[in-house]
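Good morning, and thank you for making time. I would ask you to look at the structure on the screen while I go through its main features.

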Amino acid sequence: MISAIAVLVGSTIGTGIFRSPAGIATKVPDEGLYLLLWVLGGFFSLCGALTLAELAGALPHTGGVFVFLREGFGRLPAFLFGWSELVIIRASALGAISTVFAEYFLRLLGKNDPQAVHYVAATAILLTATFNILGVNLGAIVQNLTTGAKYAALVLLVLAAFLIGGKRDAPTHALSAAASADKVTTEGPALSKNDIVALLGGGVPASRVRELIQTRGVSFRPTAEIVNQISVAGGDAPLVDAMSKGAPSLIALFGLAFISLLWVYDGWADVTFMSGEVKRPERFLPLALICGTLAVVAIYLLANFAYLHLLTINQIADSKLVAADAAFRIVGDAGVNLISIAVMISAFGTLNGSMMTGPRIFFAMADDGLFFKKIATVHPRFKTPYVAISLAATLAIVFVLVRTFEQLADTFVLGIWPFYAGGVAAVYALRRKRPDLARSYRTLGYPVTPALFILAVLLLVGNALWSDLRYYVARFAGGPNPHEWSGALMVFTIVLAGIPAYFIWKRMNPTGK
């Protein structure tokens, strides 16, 4: 059970809590709404964990959500989940996590080489794949050690924040004074607050910046503090007025911030993917899901209270390395170095946890006749699905060599959370179809608990799709961009491409062999 909890906590507490607060605070620059987002993210994740705990205990088979979808709704939804995991979800996750590991690893070495980040990230993927091929016990040892280290680092940061407090001024993140070519053209993504300040600081006239805002829009809602910061940088009243008119709605930004937040919370379902490898899963899996999720929610909320105790919401928005900046206020450069090491350990542990759990889906698909049987091959000595692990690692290396962290993280969230909702919905179907199924645990708060989770995911996906539609309409109509492009339409196009792939597979492989 301890290893199962470590997988959940290790897969969840990864790069997000150290990097994503900046993006969330940029979209929602209000302390109350910012904290509300974190509370809601924890609440809905707990709703999902409380529901999947029932299914994990009743169906303790390797594959997790894949098995729940298959048993609840049939082979097509299960295939679509496996297809999505294969072509976008798992590779995106492994790529995003390993990218952050590589960034901090190179920072500790004193190197700033963007191209090297891709190669170090690919090496990290290869290394964790090797650990997990050599055996789940070795992978679990690595997971237990890294989970303990990063959880302890967060606890120490929280304690130091409140017991010692900020002894130094928060570091100032200098913005580039040079206005790069992509920032002064009318084509491109919506402008951030930092883009506008950098343009004004780089000598671009306020009238020209106003034109850019009118054609490209802005990716934030201007608060009084932001307006003052832009005015000090050289912005005039017409520019501020254009900025206010071009700002996206609070609801849209809240929803888009929630996507970034779910990257931070994701991981609570990973332990169900390896149900068949946990001793007495009918007893220990539900406990692991509930205890692990509560532990993650608690440390996330405490960490954010610590951040806000040391930094303002706008300082958080300006800092991609918010934990390092918080540590700097407490003990200076030594704290920055320690946090950098902790983030690197955290990223490696999350990468290992994701590598440990994800390939089991491919294994379950092949074992069920929905993919090549070779994928289900177990190593004769190490007793692990080494072909599935190798496939996942290969795809992840390809992804990490050609895509950025932001692209990988957003793709992952939009790809997997609808399937989480489907897995949660399977509890209704199985209560009706298989009422006699042995259940060591029944969902607390049923039927409301799973309904709340499903509703949250529907609103999230609906907002992302609607935002993308508005983005494309604005682009084709020549108007200002209402916000940043989320990529939801692209992700769902790839997911739905699995429907013809399923029927082609059935036609080519009618016996499932």
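How much accessible surface does the chain have, and what share of it belongs to carbon and sulfur atoms? The accessible surface comes to about 20200 Å², and 66% of that belongs to carbon and sulfur atoms. Please bear in mind that this is a predicted model.

On confidence, the mean pLDDT of the chain is 79, with 84% of the residues reaching 70 or more. Residues 174-183, however, have a pLDDT below 50, and this stretch makes 16 contacts in the model beyond near neighbours in sequence.

Let me turn to the overall build. The chain contains 23 helices and 0 strands. Of its 513 residues, 57% are buried. Among contacts with a separation of 6 or more, 80% are between residues 24 or more positions apart.

In helix H10, which covers residues 206-216, the residues Ala206, Val209, Leu212, Ile213 and Arg216 are buried. Viewed down the axis of H10, these buried residues fall within an arc of 115°, so they line one face of the helix. In general, an α-helix has 3.6 residues a turn, so residues three or four places apart point the same way.

Is Leu163 buried or exposed? Leu163 is exposed, because its relative accessible area is 71%, and over 50% counts as exposed. Together with Leu156, Leu159 and Ile164, Leu163 makes a nonpolar surface patch of about 430 Å².

Thank you for your attention.

How values were computed: Residues are numbered from 1 along each chain as its sequence is written. This is a predicted model: local features need pLDDT of at least 70, side-chain atom pairs count only at pLDDT 80 or more; totals for chains, interfaces and linings use all residues. Side-chain values use heavy atoms; hydrogens and water are left out. pLDDT is the predictor's confidence in each residue, from 0 to 100. Contact means heavy atoms within 4.5 Å. Patches are made of residues with over 30% relative accessible area and no salt bridge: like charges are joined within 9 Å, nonpolar side chains (Val, Leu, Ile, Met, Phe, Trp, Tyr) within 5 Å. Accessible areas come from the Shrake-Rupley method with a 1.4 Å probe; for residues, only the protein chains shown count as cover. A salt bridge is a side-chain nitrogen of Lys or Arg within 4 Å of a carboxyl oxygen of Asp or Glu. Buried means under 20% relative accessible area, exposed over 50%, partly exposed in between (1.4 Å probe, protein chains only). Helices (H or I, at least four residues) and strands (E, at least two) are DSSP runs, numbered from the N terminus. The arc is that of the directions from the helix axis to the C-beta atoms.
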